[in-house]
Amino acid sequence: MTMSAGWYLRRLSRMGPREVGGRVGDTVRRRLWRSARPVCPGVTGARFTAVLPAGAIDSVPPDAAKRLVAEADRLMAGHAEYFGEERDDLVAPDWCLDPKTGRRAPWGYAFDVPYRDEELVGDIKQIWELSRHQYLTVLAAAYALTGDERYAERVAEHLRSWWAANAPLRGVHWTSGIELGIRLLSWVWVRRLLDGWAGARGLFEENPVALRQIWHHQRWLAAFPSRGSSANNHVIAEAAGQLAAACAFGWFPSSERWRDDALRSLERHLRSNTFHSGLNRELASEYHGLVLELGLAAVAEADAAGVPVPGAVRPVLLRMTDALAAVVDARLRPPRQGDSDDGHGLVVDGAGTDRWGSLLATGDAVFGRLGWWPAVTGTDVRTPLLAALIRPYGKGGTPPALPRPTSRPTHFADAGMTILRGPGEIWCRCDGGPHGFLSIAAHAHADALSVEVRHDGVDVLADPGTYCYHGQPEWRRYFRSTLGHNTLRLGGADQSVSGGPFLWTRHARSRVLVADTSDAKVARWSAEHDGYQDATHRRRVELTGETREVRVVDEVSGPRRSLELAFHLGPEITAELTESRAVLTWTRDGEDRSATLDLPGELSWRAHRGESEPPLGWYSAGFGRKEPSTTLVGTGFADGARGFTTVLRFHG
C-alpha cells in the first residue's frame, strides 16, 4: 500500500502551522543527514550501573519462570510466531525479510526506503517486529533466571548480527521512531539481565559498534520526534526509549540533555494522551496497555538512575492503572475498542502470561490495589523486576498519593465509555465517546454508539478487532467500518469519513445523554451522534439484572433512507437464526450456555459468516489473525417514525 498524492494533501489539511513548520524542518534535516557522517563521540571508562537490586531475580514466581524458560527454549530452537506467521528461522534471522510475502526490504538511505509499499518492501509490521528485540529480552531473562550461558551467547550473536546488518541510517529499521525507542528499551533490559555474564561488558560498554548504535539511536530520536497530529503512542515510546538509554547508557556528552528532554516529553505527552479519568485518549485498549507499560518502564529507569521524575508522571500512570482495573471484565479482558497491533513496551515473560493481569499486578506492587479491584491470580516475571526498580508511590521522595476512587467506576464521562454489569458476569461496554485522538484520529474506528456484551468473559456481541494495517486495504476498511461494529449504518455510509490509512477527515460527534448505574436492578445508558449530518442516531441500552437481559433501542431522526443494523457474534458463539430470532449457544469451562437474541421484526435479517467479497462475518483475536464468526445484519428503512428494539436474554 503506497500513499497517493491525494492522501498527502488530506493529511496536510489536518496539520496546524506549527506541525507543518516542524515537518519542513524534519525534511531539511533528512536531506542534510544524507551526506553527513557524524562520528560517535569517544567513550572511555563506561560502566553500567543500572543493575537489578539483590534478590530481584529470586523473587520471580517459579511458575512464571518456568513459562519464560519454555519460551526461551522455543526461541533457541528458532521458533516464534508473529502476527499469525509461524517462523522457524530465528537461529540466524534475516533482519530485512518479511516471512509472509517472502520479500526483503531494500537497502539504502533510511529515509528513501518506501516502507509503506508492500509490493516492494513486504509487510513492514512483520519486518519491524523481530527488530524490536523483545525476544532477546526473553532470552536474556532466561539467562538471568537459570545462569545458562547458551541464552546469553545467542543474545550476543544476534545483537552483533543486527548491528552489522543495520548500519546507522541505512535500511528499513531506521525509518520509524517508535521502533528505535522500543529497541533502545529492549537493549537496556538485555544489558541489565546479562549483568552476571562475563561477556556483558564486551558486548555493550566496551564495544565500539554497540556504542555507535546506541548513540545514533538517541541522536535520531532527538532529531525526529513524532509531532502534532502524530503525537500519540509513538511519542511515548520514543520518550521512554530515549529516557531509558540516557539513564542506563549515560556515557555520551549529550546524555544529560537527551535525558532531560525525554523526561519533559514523557510528562507532557503522558498528560496529553490520557483523559483525566485515566483512559487513553486514542480510545484503543491495546494502546492504553502499551502506553502504561512504556510509562512504568520509563519510571523504572529514572528511579534506578536516581533521576527525579516530573510530578505529573506517576499520577497519570496511577489513574491509568485504576481505569484499567475498572473496565476489565470477569476474565480481566479490557474492551476491544479501536485499533490493536499486539504492541508491547517491555517483554520478559513467556507465552501464557496474561498481559492485563500482569499490568494490574505491577500496579498493585507500585501503587497498591484498591478494595474494588478484581482479583489477579496469575503470575509474571516482569512485575517483581519492575517493582524492584520503581520506588513505591507516595514514598521515598515520590509525590504524595492522590485521592483514588472509593468504588469501581462505571462511567468515564470524558472518554464517553460506560460499563454496565449484571449477574452471571454480564459485562456490557457502551461507546458514546470522541472519534479517536487528535485531528487524524489515526487508530479510531467508525464505531459510534457500538456495544460489546460478554458473559463470563466470552464475547457474545463482539467487537471484531483490527486484523491488519498495511497491504490489505479492503480488510483494513472493513474492520474499522461502521458495518464492522455493533451499531447502525445509514445509507451505506460510515459515520465518520476516512481519508485513507490512519486518517479520518470528518469525525462523528457523540454525546452521552444518560449513564445511570446507581439502580441495582436496572443499569441505563443513552447516547446519540451526528455522523450522518442530516440525521441523528440515538441509542438506549438497559441491562436488567433480574431478567438477565440487555435491551437495545435504536432511533433515527431525519429523512427516510436505508439502514443496516449489525450484531457481530464472538467466534465461540453458534447462532440459529429464524426470521428475527437467533438462538445463541456456546460452551464455557465445559458447561453449555445459551441466550436468545430477539431482533427488530421491522427489518429483514440474514446471517453472514466468513464472506470475503465484500468482507463480512469475521473476528480478529490478534493482529494478522482472523477467523470466521457470525454477523447478523438487518436491512430496512429509517423514517423517523419508529424505533428498533433488540433484546439479548441470557438463560440459566
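# Helices, sheets and cores: a working chat

Mentor: Helices α6 and α8 are roughly parallel to each other, because the angle between them is under 35 degrees. Keep in mind that this is a predicted model.

Trainee: At what angle do α6 and α8 pack, and how far apart are their axes?

Mentor: The angle is about 10°. The axes lie 9 Å apart. Helix α6 covers residues 134-146.

Trainee: Which residues make the contact?

Mentor: On the α6 side there are Gln134, Leu136, Thr137, Ala140, Ala141, Tyr143 and Ala144. On the α8 side there are Ile182, Ser186, Trp189, Val190 and Leu193.

Trainee: Let's stay with α8. Where is Arg191 found?

Mentor: In helix α8, which spans residues 177-193.

Trainee: Is Arg191 buried or exposed?

Mentor: Buried. Its relative accessible area is 3%, and buried means under 20%.

Trainee: What does Arg191 touch?

Mentor: Setting aside residues up to four places away in sequence, Arg191 touches Phe48, Ala200, Arg201, Phe204, Glu205 and Phe249. Arg191 and Thr137 are 54 residues apart in sequence, yet 9.0 Å apart in space, C-alpha to C-alpha.

Trainee: On to the cores. How many residues does the largest nonpolar core have?

Mentor: It has 142 residues. Leu194 and Phe249 have the most contacts inside it.

Trainee: What is Leu194 in contact with?

Mentor: Ala140, Tyr143, Ala152, Val155, Ala200 and Leu203, leaving aside neighbours within four places in sequence. There is also a second, separate core of 40 residues. Cys428, Cys430, Ala535 and Leu563 are included in that one.

Trainee: Back to helix pairs. How do α10 and α11 pack?

Mentor: At an angle of about 140°, with axes 10 Å apart. Helix α10 is residues 208-223, and helix α11 is residues 233-248. The two are therefore oblique to each other.

Trainee: Is the crossing left-handed or right-handed?

Mentor: Left-handed, as α10 passes α11. Gln218, Leu221 and Ala222 of α10 meet Glu238, Gln242, Ala245 and Ala246 of α11.

Trainee: What about α13 and α15?

Mentor: Helix α13 is residues 285-305 and helix α15 is residues 355-367. Their axes come within 11 Å and cross at roughly 40°. So these two are oblique to each other. The crossing of α13 past α15 is left-handed.

Trainee: Which residues of each helix make that contact?

Mentor: Helix α13 brings Ser285, Glu286, Gly289, Leu290, Leu292, Glu293 and Leu296. Helix α15 brings Arg355, Trp356, Leu359, Thr362 and Phe367.

Trainee: Sheets now. What is the strand order in the open sheet of five strands?

Mentor: The order is β3-β4-β5-β6-β7, and the pairing is antiparallel.

Trainee: Which strands stand at the edges?

Mentor: β3 (411-412) and β7 (458-461). Each has a single partner strand, so one side of each has no neighbour in the sheet.

Trainee: How many bridges pair β3 with β4?

Mentor: Two, in the antiparallel sense. Strand β4 is residues 417-422. His411 stands opposite Thr418 in β4.

Trainee: Which helix lies across β3, β4 and β5?

Mentor: Helix α14, residues 313-327. It runs at about 40° to β4.

Trainee: What about the open sheet with four strands?

Mentor: Its order is β8-β15-β24-β19, with antiparallel pairing. The twist averages 25° from one strand to the next. The edges are β8 (488-490) and β19 (604-609).

Trainee: How many bridges join β19 to β24?

Mentor: Six, and the two strands run antiparallel. Strand β24 is residues 630-638. Trp605 has Gly634 in β24 as its bridge partner.

Trainee: Last topic, the hairpin of β9 and β10. How many residues lie between the strands?

Mentor: Two. Phe502 in this hairpin takes a positive phi near 55°. Three bridges join strand β9 (residues 497-500) to strand β10 (residues 503-506). One of the bridge pairs is Val497 with Arg506 in β10.

Key
Residues are numbered from 1 along each chain as its sequence is written. This is a predicted model: local features need pLDDT of at least 70, side-chain atom pairs count only at pLDDT 80 or more; totals for chains, interfaces and linings use all residues. Side-chain values use heavy atoms; hydrogens and water are left out. A nonpolar core is a set of buried Ala, Val, Leu, Ile, Met, Phe, Trp, Tyr and Cys residues joined through side-chain atoms within 4.5 Å. Buried means under 20% relative accessible area, exposed over 50%, partly exposed in between (1.4 Å probe, protein chains only). Contact means heavy atoms within 4.5 Å. Two strands pair if DSSP finds at least two bridges between them. Axes are lines fitted to C-alpha atoms, for helices over the stretch in contact, and angles run from 0 to 180 degrees between N-to-C directions. Angles under 35 degrees count as roughly parallel, over 145 as roughly antiparallel, 65 to 115 as roughly perpendicular and the rest as oblique. A crossing is left-handed if the near helix is turned anticlockwise from the far one by less than a right angle, and right-handed if clockwise.
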